[in-house]
Amino acid sequence: MQKIVSPAQASFIPGRQIVDNIIVAQEVLHKFRNSKGKKGFIAWKIDLSKAYDRINWDFIYDVLWEIGIRGKLLVLIMQCIKSVRYQAILNGELTGRFSPNAGIRQGNPLSPYIFVLCMEKHSHIIIEHISSGTWKPVMVARNGPAISHLFFADDLILFREASIHQAKLMKHCLDLFCGASGQQVSFEKSRICCSPNTEPGITASIANICGSPLTDCLGNYLGVPLIQLELPRILTLGLLTKCSAD
């Protein structure tokens, strides 16, 4: 999985931890708070609505085929996904069994890995635009890595330079992924944050393009506040242990 899934995705991948994404997100927003000059930055925290339930079966098939899962194994996996049956309680009585036409079962051991592989397609779209130079990611330090997105299962944060063109491209990439995968963004629950040096007019236009409310603070990410003066020691302990081992 490490070879297939990009480093931006930290969930269900051996050797990657939830703390990794928390620390990176904290560092990027620290960069936001201290940004000066004409170049502003955007952070878009995205809320996917019922992500497991909406994922398109044809999309799953295409993703598995693309990574080399084919033949009988692919057929078997798709049978496992499509064999689910539901019953609902209506007026106190169980209805007959019915079959969904999308989604994967929560609790199934395969589901987290299938979901992560499907989310990786969004990462591929972003990486393609970075490679072509159209997506301008955030540089936390002059010689540091460029940060464009962080994924933890369906918890997404996108980062890029603050401009109307960049906002349109960010929204286009998200729409492209959602159209193919069946995912749906809850724009009202999603949040846009711009660095303080972004012009107010551009900030308002970005929020309008993305369709999400502006905020000075993105709140919690993976259960941890994104804006705080100091990281709790428990969050950095794993990273410190890795550094000591190296």
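A search of the whole structure, which is a predicted model, finds one cavity of 30 Å³ or more. A cavity here is a set of points on a 1 Å grid over the protein atoms alone where a 1.4 Å probe fits but cannot get out. The volume of the largest cavity is about 70 Å³, taken as the space filled by probe spheres set on the points, with grid points joined across faces, edges and corners.

The lining of the largest cavity consists of I77, C80, I81, G103, I104, R105, N108, L110, S111 and I114; lining residues have an atom within 4 Å of a point. By class, six of these residues are nonpolar, three polar and one charged. Ala, Val, Leu, Ile, Met, Phe, Trp, Tyr, Cys and Pro count as nonpolar, Asp, Glu, Lys and Arg as charged, and the others, Gly among them, as polar. Helices α4 (71–82) and α5 (111–132) each supply at least two lining residues, and α4 gives the largest share, three residues. Helices (H or I, at least four residues) and strands (E, at least two) are DSSP runs, numbered from the N terminus.

Next comes the sheet. Four strands form an open sheet in the order β6-β7-β1-β8, with antiparallel pairing. β6 (149–152) and β8 stand at the edges with a single partner strand each, so one side of each has no neighbour in the sheet. Neighbouring strands of this sheet are turned against each other by 10° on average, direction ignored; the axes are lines fitted to C-alpha atoms.

Strand β1 (residues 41–47) has five of its seven residues buried, that is, under 20% relative accessible area with a 1.4 Å probe, protein chains only. β1 pairs with β7 (residues 155–161) over seven antiparallel bridges, and with β8 (residues 191–194) over four, also antiparallel. Two strands pair if DSSP finds at least two bridges between them. W44 has L158 as its bridge partner in β7 and stands opposite I192 in β8. K45 stands opposite R191 in β8.

An unreviewed UniProt entry places the feature "domain: Reverse transcriptase" at residues 1–226; such annotations may be inferred rather than shown by experiment. The end C-alpha atoms of this span lie 28 Å apart, and the span is 41% helix and 15% strand.

Residues are numbered from 1 along each chain as its sequence is written, and side-chain values use heavy atoms, leaving out hydrogens and water. In this predicted model, local features need pLDDT of at least 70 and side-chain atom pairs count only at pLDDT 80 or more, while totals for chains, interfaces and linings use all residues.

Terms used. On a 1 Å grid over the protein atoms alone, a cavity is a set of points where a 1.4 Å probe fits but cannot get out, and a pocket is an open set with protein on both sides within 12 Å along at least five of seven lines; lining residues have an atom within 4 Å of a point. Buried means under 20% relative accessible area, exposed over 50%, partly exposed in between (1.4 Å probe, protein chains only). Axes are lines fitted to C-alpha atoms, for helices over the stretch in contact, and angles run from 0 to 180 degrees between N-to-C directions.
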